[in-house]
Amino acid sequence: MQFPTVAFAIFFLAAFVANWLLRPHPLVWRATMIAVSLYFCAWVDVRFALVVLGVAALNWVAAAAAHRAMPAGDPTPASRRIVRAAVAADVAVLAGLAYRGFLVESVTGALARLGWAGSEPVVEVVVPVGISIYVLHAIGYVVDVGRDEVEPVAFADLLLYLCFFPHLVAGPVVRVDELVPQFHERPDPRRVPATDAFVLVGSGLVKAVVIAPWLAEQLVDPAFAAPAEAGGLELLVAAYGVAVLVYAAFSGATDIAIGCALLLGIEYPRAFDAPFAALSVRDFWDRWNLTVSHWLRDYVYVPLGGSRRGRHLRPRNVMVTMVVGGLWYGAGWNFALWGVVHGVYVIVEQAAAARAERREPTALLPTALTAPLHWFVTFHLVCLAFVVYRAGSVGDAAEVLARVATLAPGGAGLVTPLVLAVIGATVASHFVPTEVTYGARARFSALAPAAQVAVLAAGLTVIAALGPEGPLPFGRLPF
Amino acid sequence: MSTTDTHSQRAPVPPGWPGDDPTLPDDLDVLGMRWWWWVGRRTRARRPDALEGPGSRAGAGRSGGGRAEDGGTGDWTADDVVDVADDEPDLDGDDLGAPRWRWADRLRWRGAPPGDREPPDDDEVAAVDDDDLVAGVQPAGRVLVVLVATLVLALLVNVDHLVARVEAGPPSDARDRALSVLRPVQDVGNALQLTRVRDALDALRGDGDDDRAREAGGARGTDDAADSTSRGGGGDEREPGGEEAAGDEDGLRTPTADDPLRVWVGGDFMAQAIGRSLAAAGESTGVVETEVRYEAASGLTRPDYFDWPAAVDEALDDHDPEVVVLVVGVNDAQGIVRPDGTPAQVDEPGWAEEYGRRVGELMDRLRGDGRIVVWIGPPPMREPGYSARMARVAAIHAEQAAPRPWVHVVDLAQVVGGPDGGYTEAVADPSSAEPVTVRQPDGIHLTDAGGDLVAAHVMDLLRTQVDLSGGARGDG
């Protein structure tokens, strides 16, 4: 089930009513929300719901065992072994379901290159939407218990934490201590932040349903399908387009999820914080898909040793983290390579920063120019990496970049004023403080409900009219 | 309509359970509104003593902060609007005796019974530094009503598109159920003229965006999806065939296995069943080569969704067919936008005129050097209202074909209809006299057997024009 469908709207209304009516009864509420969320899973595939149950059971048992194995509270060798086994099992589930096609293809490809031309294996595994989200949740939970950062939670709480339907499709990824306490608090049914939720869902729909598919269709897909036909400048704009497209697809999906959860009285952390306003690549990662980045930091970078195990190990840790992060975005070598590119950026930036610290600060440029220059360079580095993200192969990426670098002549008429306006407006919106909209939000809040209905229905209609016909490229795989 | 009762009747939460929140009263008014609030002006200041109903007095409530301690006098001043922004939210009715009511209270509490104070003007409201107002804090019941009303309204406005989208799906029980729900909604939307809003929007969008509609069409399940990146306006200026090109009397050459008759079949979802059967029938002759292009949910009323004239031009260029079989009409009984941008609904007089113009124009466009055009309109449908609209569409097709001798209209009512030309599920197979089911359970689409019957009819028609035996020329 996708968010922007009539089926989801009906489903959500039922969940909304059940949520608020049953909130006073904690057990019934949890049972119902689990049932609702599993129904949401099963809508995609019944096996998906079974996998969620299996993952929840496995990690609940493992976390309880790990907790018992550390009576003093500090991790023991036994508890470490249990946690490692559980994480390995989670990764195996992830690899088996979400990444199996990728792994099999890669292995077969490698064998074929070695002259081992066997028959092509048929991969027929249903890739459950959002599997990576709840497996990330499960890993986070069992590791946190193993670190004695959280107490083991009840099975129902864990199951609901894994499968709570708003975050199931595209995140955000939340920590167990951010979500489970909210299951135990009874939010005031008279205090639903409706305007906040409507703004989130509305902006999410605009980004995920209008901007992302439109940019893909008008600019990015044709440009990357035949880069030889497009001019250098055109491909440069297409690279901006990829960045905006990926941002719109992911932040749109998470905005919808956060907005839906808000209507149910559950608060998620913010996932995107104006990433295109970043002044350095590290700043970019402090703004881009924060919840996933934080997960990677806490459960990949830190266990590897982070920055504490000496200067020479830090680049390795950054690189591994970035590659894992890249693979989260998609099962393909281009995504891994995208991680590598960002890894290089971050390592170089860290080295430069360390060098600058040892030196006397020298002002080469007036400070008024430094920030815009940093922004300009960062934005283009990020866009360059997105070319790798989007390109079908390393050769394609190289061709695109070469044509951009040489400002190759030619043109397929892809860059229109409207395309430029959409890209420009999306990037520019990152520089507009949220406070600017407060006046309009307050005005909307103060409208009579009938007027609110008219405004919301008009918004939905415009989004539906501007969106593409047919199903959306949605969720974790915006292409 | 209040959910107060539901809450007051709930089983008590055992002490110590997480839901046993002593700060929340049992009988919360989660709807928080009065009927006039829905239609009236958004703001009516209320005086604390104007509150009424159990919700306002209920429960111990969360102990309010703010002005309760200030010992106010009951008079509300503009300063309060700003000053109370820092206060703790006051949720319970008891505290409302103090003069610290603020605008946001109305949104999250009981609505606004009529009071005797004028609300502050818009600038004052906008200037309120109030997180709750910005966040639009409201009772859940009111949010529910807003959500339901929004979705119903949006559904009514967009129902034509939803129906088209559902129709485009493969036949299934779920699809039939969805359509059985949506069709009455569609009638309501059309009766209330709400669908015009979406039509107008589409017209606005469609004007500057023909490329996109075409491309989107090219990318959807067609045989030549590969060229979906090709751009360009799409030959709307194509001249109808010249007089000398009409040449029905010239007839068609006799096709051979080496140089087979080029047949192109295009149209909506019906064209799939008919096209498949026609391709099989053509292949069995050994001298017919058939190309099929269908586009579910398409027709001639919505070129913004799929542009058949452009697709036909493309097919004529690519395949140069000697026979064109066009299957349209089942999706055409919907609002149409005239060239001047004004919409016309099916029941309005301007609709038939505009639709007829489009049909005629496409027929002219298809005219070519001896080319035979077989025009297959919609069959009768099970649902009487739909069937009547389809009959109207079929009548316009026949009317437009009458002065155009190169167009041969196949009346499906004669082929898959009952003895009276109405809807029937099964007809007698002309060859065996055995009854065959020609319609799918949805009462709309053709079965494979139905497609075969139509294809046989078309082949019979073609045999009167072309010699398909590889031998002498037909009688023309």
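Student: Where in chain B does B:Q193 lie?

Tutor: B:Q193 sits in the loop between α9 and α10 (195–207) of chain B. Helices here are DSSP runs of H or I with at least four residues, strands are E runs of at least two, and both are numbered from the N terminus. This is a predicted model, where local features need pLDDT of at least 70 and side-chain atom pairs pLDDT 80 or more, while totals for chains, interfaces and linings use all residues. Residues are numbered from 1 along each chain as its sequence is written, with chains lettered from A and ligands numbered from 1 in the order in which they are written.

Student: Is B:Q193 buried, exposed or partly exposed, and why?

Tutor: B:Q193 counts as partly exposed because it has 13 C-beta neighbours inside 10 Å. Buried takes 20 or more other C-beta atoms within 10 Å, exposed 12 or fewer, and partly exposed is in between, with C-beta atoms placed from the backbone. Of the 476 residues of chain B, 43% count as buried.

Student: How many helices and strands does chain B have?

Tutor: Chain B has 18 helices and 10 strands. Among contacts in chain B with a separation of 6 or more, 73% join residues 24 or more positions apart; a contact needs C-beta atoms within 7 Å.

Student: At what angle do α15(B) and α16(B) cross?

Tutor: Axes are lines fitted to C-alpha atoms over the stretch in contact, with angles from 0 to 180 degrees between N-to-C directions. The axes of α15(B), residues 349–366, and α16(B), residues 384–401, cross at roughly 50° and come within 9 Å. The two helices are therefore oblique to each other: under 35 degrees is roughly parallel, over 145 roughly antiparallel, 65 to 115 roughly perpendicular, and the rest oblique. Residues of α15(B) including B:Y355, B:V359 and B:M363 meet residues of α16(B) including B:I396 and B:E399.

Student: How do α12(A) and α13(A) cross, by angle?

Tutor: The axes of α12(A), residues 290–304, and α13(A), residues 314–329, come within 9 Å and cross at roughly 140°. That makes α12(A) oblique to α13(A). Among the residues that meet are A:L296 and A:V300 in α12(A) and A:V324 and A:W328 in α13(A).

Student: Are α3(A) and α4(A) roughly parallel or roughly antiparallel?

Tutor: In chain A, the axes of α3 (residues 46–68) and α4 (residues 77–97) come within 8 Å and cross at roughly 170°. α3(A) and α4(A) are therefore roughly antiparallel to each other. Residues in the contact include A:V51, A:L58 and A:A65 of α3(A), and A:I82, A:A86 and A:V93 of α4(A).

Technical notes
Contact = placed C-beta atoms within 7 Å.
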